[in-house]
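Q: I would like to learn how to read the helices, the core and the sheet of a protein model. Could we go through them in turn?

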Amino acid sequence: MLRFLPVAFVLCAVLAAAAVAGTARGPAPPVVVTQAQAPAPVETTTTPLATTPAPAATTTQQARPAPKPAAPRPRQGRSRALGKPFRGRLAGGVPLPLESDDYVTWDPILRDSPNRVWRTYGTDRLVSLIQRIAREFAADHPEASRIVVGDLSLPRGGNFGRQYGGLGHGSHQNGLDVDVYYPREDGCECAPSRPAEVDQVLAQDLVDRFVATGATYVFVGPRLRLTGPRPVVQKLVHHDDHLHLRIPKPATR
Ligand SMILES: [Zn+2]
């Protein structure tokens, strides 16, 4: 019995260290634990398998392999934006992959890349649009850095306020909003810290591309020289380092 104590002590120390590491990045979001993200149940099959040898495979078993699960097929339009961007929810949202050849994601609270996945959920239409614009921007500006994408919505939408760090988001609640950081003059794939760092030519190009997709709004910073058709393009405080894109809510049948 005693010889197990050091093992138990080491295990506790490891678990305690893991708990500290888990809290060092701030409080866990209260509504972001989804089925897929929930901790895996404790493995219970190890002991029986170790003490009970598996029977040898028979000819019958080899002739009847277990069926393969069908690969999920992404379906356009499966997500639903419920309610309003500033008071709503997201059903069937999908995460934006954290990085590609054409973009990176950025965590505005940790100020690091990539973003945490629970901050990157949107409707599948929004996620597809971001990927397409990033691809087209990269093709037309091969010398430019990848675009830097910030927060979308939480996995099930809802309030994305100060409890998730920083100023929080007034909207970003139903999968139709995304923040995109302006390209920087120095090519850093990170958020600009002041307007002088923004490459305004490339930033204007991004604004124009989003307007051309039929955006509902593109909010831009008042200290920049970015323009566009009103009322789609509007200047808004706290947008001197990123633009905020809102896409239309599809008509429901
Ligand atoms: Zn925003």
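A: Let us begin with helix length: the expected span of a helix is 1.5 Å times one less than its number of residues, and helices (H or I, at least four residues) and strands (E, at least two) are DSSP runs numbered from the N terminus. This is a predicted model, in which local features need pLDDT of at least 70 and side-chain atom pairs count only at pLDDT 80 or more, while totals for chains, interfaces and linings use all residues. Residues are numbered from 1 along each chain as its sequence is written. The protein chain has 5 helices and 10 strands; one of the helices, H4 (124-140), has 17 residues and reaches 24 Å from its first C-alpha to its last, close to the 24 Å expected at 1.5 Å a residue.

Q: Which residues of H4 are buried, and what do they pack against?

A: An α-helix has 3.6 residues a turn, so residues three or four places apart point the same way. A residue is buried if 20 or more other C-beta atoms, placed from the backbone, lie within 10 Å of its own. In H4 the buried residues are Arg125, Leu126, Val127, Ile130, Ile133 and Ala134, and they pack against S3, S4, S5, S6, S7 and H5, where contact requires C-beta atoms, placed from the backbone, within 7 Å.

Q: Which residues of the largest nonpolar core touch the most other members, and which element gives the most to this core?

A: A nonpolar core is a set of buried Ala, Val, Leu, Ile, Met, Phe, Trp, Tyr and Cys residues joined through C-beta atoms within 7 Å. Of the 39 residues in the largest one, Ile130, Val149, Val180, Val207, Val218, Leu243 and Leu245 touch the most other members. H4 gives the most, with 5 residues. Not counting residues up to four places away in sequence, Val218 touches Val207, Phe210, Val211, Gly228, Val232, Val233, Leu243 and Leu245.

Q: In what order do the strands of the open sheet lie, and which helices pack on it?

A: Strands of a sheet pair through backbone hydrogen bonds, either parallel or antiparallel; here two strands count as paired if DSSP finds at least two bridges between them. The 6 strands follow the order S4-S6-S7-S10-S8-S9, with mixed pairing, and the edge strands are S4 and S9. S7 and S10 run antiparallel and are joined by 5 bridges, with Val178 opposite Leu245 in S10. H4 packs on the sheet by touching S4, S6 and S7, and H5 packs on the sheet by touching S6, S7, S8, S9 and S10.

Conventions: A residue is buried if 20 or more other C-beta atoms lie within 10 Å of its own, exposed if 12 or fewer, and partly exposed in between; C-beta atoms are placed from the backbone. Two residues are in contact if their C-beta atoms, placed from the backbone, lie within 7 Å. Axes are lines fitted to C-alpha atoms, for helices over the stretch in contact, and angles run from 0 to 180 degrees between N-to-C directions.
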